[in-house]
Amino acid sequence: MYPEYMVAPIREDLTSVGFEQLMTPEEVEQVLSSKEGTVLVAVNSVCGCAASKARPALKMAVAASDQKPDKMITVFAGMEADAVAKAREYMLPYPPSSPSIALFKNGELVHMIERYHIEGNELNRIVDNLKGAFEAYC
């Protein structure tokens, strides 16, 4: 676990643009067990690829898209371990990955971006990937 003073600005990077920070497995369960609408899940992290690519891509895609998920949530790897573990249960069969981005529609996982799609990719390609997923599913 990291000191809260260190992760607070990292959390705010997403919550300031409409993501809801979920802190408990019960909160995650409540959102992801819903069978209606679309939910974008960001597994946030302190790593460099989260800072330079994942969070900027999420913010850019949401800002640039006419079609957006109904709900946007985030869990923080390395902090709320139980909430992250619960979110990852819904992301199976994909292995745990931080950062990662998942899109759910009507309770089903329909789009997944794993760490290896983020760290070795160009920012604009990640943005386009997300925008395409929003257009297809939202």
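Predicted model: local features only at pLDDT ≥ 70, side-chain atom pairs only at ≥ 80, totals over all residues.
Five strands form an open sheet, and if you read across it the order is β1-β3-β2-β4-β5. The pairing is mixed. At the edges sit β1 (20–21) and β5 (108–113), and each of those pairs on one side only. Quick reminder on what pairing involves: strands of a sheet pair through backbone hydrogen bonds, either parallel or antiparallel.

If you want a spot to look at, find Q21, which stands opposite T74 in β3. Next come β2 and β3, which also pair in the parallel sense, over six bridges. Here L40 stands opposite M72 in β3.

On we go to β2 (residues 38–44) and β4 (residues 100–105). This pair is antiparallel, with six bridges. You can pick out V39, whose bridge partner in β4 is F104, and V41, whose partner in β4 is A102. Finally, β4 and β5 pair in the antiparallel sense over five bridges, and L103 stands opposite H111 in β5.

How many residues of β3 are buried? Five of the six are, so β3 is largely enclosed by the rest of the structure. The story for β4 reads like this: five of its six residues are buried, so β4 is largely enclosed by the rest of the structure too.

What lies across these strands? Helix α3 (residues 48–64) lies across β2, β3 (71–76) and β4, running at about 160 degrees to β2. Helix α4 (residues 81–90) packs on the sheet as well, touching β2, β3, β4 and β5, and its direction makes about 125 degrees with that of β3. Follow the chain from β2 through α3 into β3 and you've traced a right-handed β-α-β unit.

Let's stay with α3 for a bit. You can check its length yourself: at 1.5 Å a residue, its 17 residues should span 24 Å, and the end C-alpha atoms are 23 Å apart, which agrees.

Which residues of α3 are buried? Among them are C49, A50, A54, P56, L58 and V62. The list also includes K53 and R55. What covers the buried residues of α3 includes β2, β3 and β4, along with α1 (4–15), α5 (115–119) and α6 (123–137).

Is R55 buried or exposed? The cut-off for buried is under 20% relative accessible area, and R55 has 6% relative accessibility, so it counts as buried. Leaving aside its neighbours within four places in sequence, R55 is in contact with I10, D13, L14, N44, S45 and A50.

At 37% relative accessibility, M6 counts as partly exposed. The C-alpha atoms of M6 and A133 are separated by 32 Å, and those two residues are 127 residues apart along the chain.

Last stop: the backbone. Most residues other than glycine have a negative phi, and most peptide bonds are trans. With that in mind, look at the loop between α4 and β4, where you'll find P93 and P99. The peptide bond from L92 to P93 is cis, with omega near 20 degrees. A cis peptide bond also joins S98 and P99, and there omega is about -5 degrees.

Then there's N106, in the loop between β4 and β5. N106 belongs to the hairpin of β4 and β5, which has two residues between the strands. With a relative accessible area of 38%, N106 is partly exposed.

Conventions
Residues numbered from 1 in each chain as written. Heavy atoms only, no water. Pairing = 2+ DSSP bridges. Helix = DSSP H or I, 4+ residues; strand = E, 2+ residues; numbered from the N terminus. Contact = heavy atoms within 4.5 Å. Axes fitted to C-alpha atoms, helices over the stretch in contact; angles between N-to-C directions. Expected span 1.5 Å × (residues − 1). Buried < 20%, exposed > 50% of the residue type's maximum accessible area, 1.4 Å probe, protein only. Right-handed = clockwise from strand over helix to strand, strands pointing away.
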